[in-house]
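Biologist: I would like to go through this structure feature by feature. Please give the general idea each time, and then the case at hand.

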Amino acid sequence: MTANDRPTASPAPGANNGDSWADSARNGIQEHFSLPHNWIAPAAAAGLTLGLFTFYQSYLRRIPAAGHIAPGFFRRRSLFGKVTSVGDGDGFHMFHTPGGRLAGWGWLRRVPKDRKALKGRTLSVRIAGVDAPEGAHFGRPAQPFAAEALTFLESYMLRHRVRAFIYRRDQYERVVATVYVRKAPFFFRRDVGLELLKRGLAVTYEGKTGAEFGGAKMEARYREAEATAKKKGKGLWGGGGKKRELETPMEYKRRMKAWDEQKGKGNTTTKV
């Protein structure tokens, strides 16, 4: 057998046969993804997963306390929940129930009733734009109509589901919000702050800093409701409707703060 008749040896595995291994791999990948059915399904699954996670984070994630609210939520989002307790005439605690009944709240998922079970799991809400009379605390006397404001708010909201349009978090870790509740017989949505003003159980918020109404239109509406209640002598305006005869909650808190300082008590943390 001559040298020319000898069989040609096969290329060794991995030998360079015109194309490198990297080129072959790249060409294989390009060929694979050139076929739509090879990449559309995985891309759609990834997009769906990301979308569901984003939806959950935005709409179904339960928020246990004010400190857990993302800054981007304020002035853009509302929170839905059940009122578990009322502290005074313009503040309450709410258990956040995102998604409402559609997410199972009330039939698959229950709102705790025990105070221990609720501890650290509710949002403290301050009703925006209003200031109710101060109740008795820290040895201070209650203002007129403080009890009436508290009683009204308990009867109007306690154990009801409410929607709170949130504006900001205050220095006491409360969420400042315009709050709505649906009431029988037609279950129209009622602005709780506005209802307090109409009944003369609160005044419009007087603070020079930190005042929040939810916009100029809301502020005008609140001030109009206050003026009407004052004219009719409703609630705390019953003394003829003259403001000089009425010590507003803000005036009361300032007087109590000055009294504390004079007495050397040092208790200057009155909530507003």
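Modeller: Helices (H or I, at least four residues) and strands (E, at least two) are DSSP runs, numbered from the N terminus. This is a predicted model, in which local features need pLDDT of at least 70 and side-chain atom pairs count only at pLDDT 80 or more, while totals for chains, interfaces and linings use all residues. Residues are numbered from 1 along each chain as its sequence is written, and side-chain values use heavy atoms, with hydrogens and water left out.

Biologist: Where does proline 185 lie, and what is the peptide bond from alanine 184 to proline 185 like?

Modeller: Most residues other than glycine have a negative phi, and most peptide bonds are trans. Here the bond from alanine 184 to proline 185 is cis, with omega near 10°. Proline 185 belongs to the loop between E6 and strand E7 (188–191).

Biologist: Which phi value does arginine 159 have, and is arginine 159 buried or exposed?

Modeller: Arginine 159 is not a glycine, yet its phi is positive, about 70°. Its place is the loop between helix H4 (146–157) and E5. Buried means under 20% relative accessible area, exposed over 50%, and partly exposed in between (1.4 Å probe, protein chains only). Arginine 159 has 61% relative accessibility and so counts as exposed. Glutamate 173 also has a positive phi, near 60°; this residue is in the loop between E5 and E6 and is partly exposed at 45%.

Biologist: How many aromatic pairs does the structure hold?

Modeller: A pair of aromatic rings is described by the distance of the centres and the angle of the planes. Rings of Phe, Tyr and Trp (its six-membered ring) pair if their centres lie within 6.5 Å; planes under 30 degrees apart count as stacked, over 60 as edge-to-face and the rest as tilted. The structure holds four such pairs. In one of them, the ring centres of phenylalanine 165 and tyrosine 180 are 5.7 Å apart and the planes are at 90°, so the pair is edge-to-face. Because phenylalanine 165 lies in strand E5 (residues 161–169) and tyrosine 180 in strand E6 (residues 175–183), the pair ties together parts that are 15 residues apart in sequence. Phenylalanine 165 is partly exposed at 29%, whereas tyrosine 180, at 14%, is buried.

Biologist: How is strand E3 covered, and which strand pairs with E3 in the antiparallel sense?

Modeller: Two strands pair if DSSP finds at least two bridges between them. Strand E3 (residues 123–127) is mostly covered, with five of its five residues buried. Leu123, Val125 and Ile127 point one way from E3, and Ser124 and Arg126 the other way. Strand E2 (residues 91–96) pairs with E3 in the antiparallel sense over four bridges, and phenylalanine 92 stands opposite valine 125. E3 and E6 run parallel and are joined by three bridges, with isoleucine 127 opposite alanine 177.

Biologist: Which residues touch the most other members of the largest nonpolar core?

Modeller: A nonpolar core is a set of buried Ala, Val, Leu, Ile, Met, Phe, Trp, Tyr and Cys residues joined through side-chain atoms within 4.5 Å. The largest has 40 residues, and Ile69, Phe92, Met157, Ile166 and Val179 touch the most other members. A second, separate core of five residues includes Val203, Ala229, Leu236 and Trp237.
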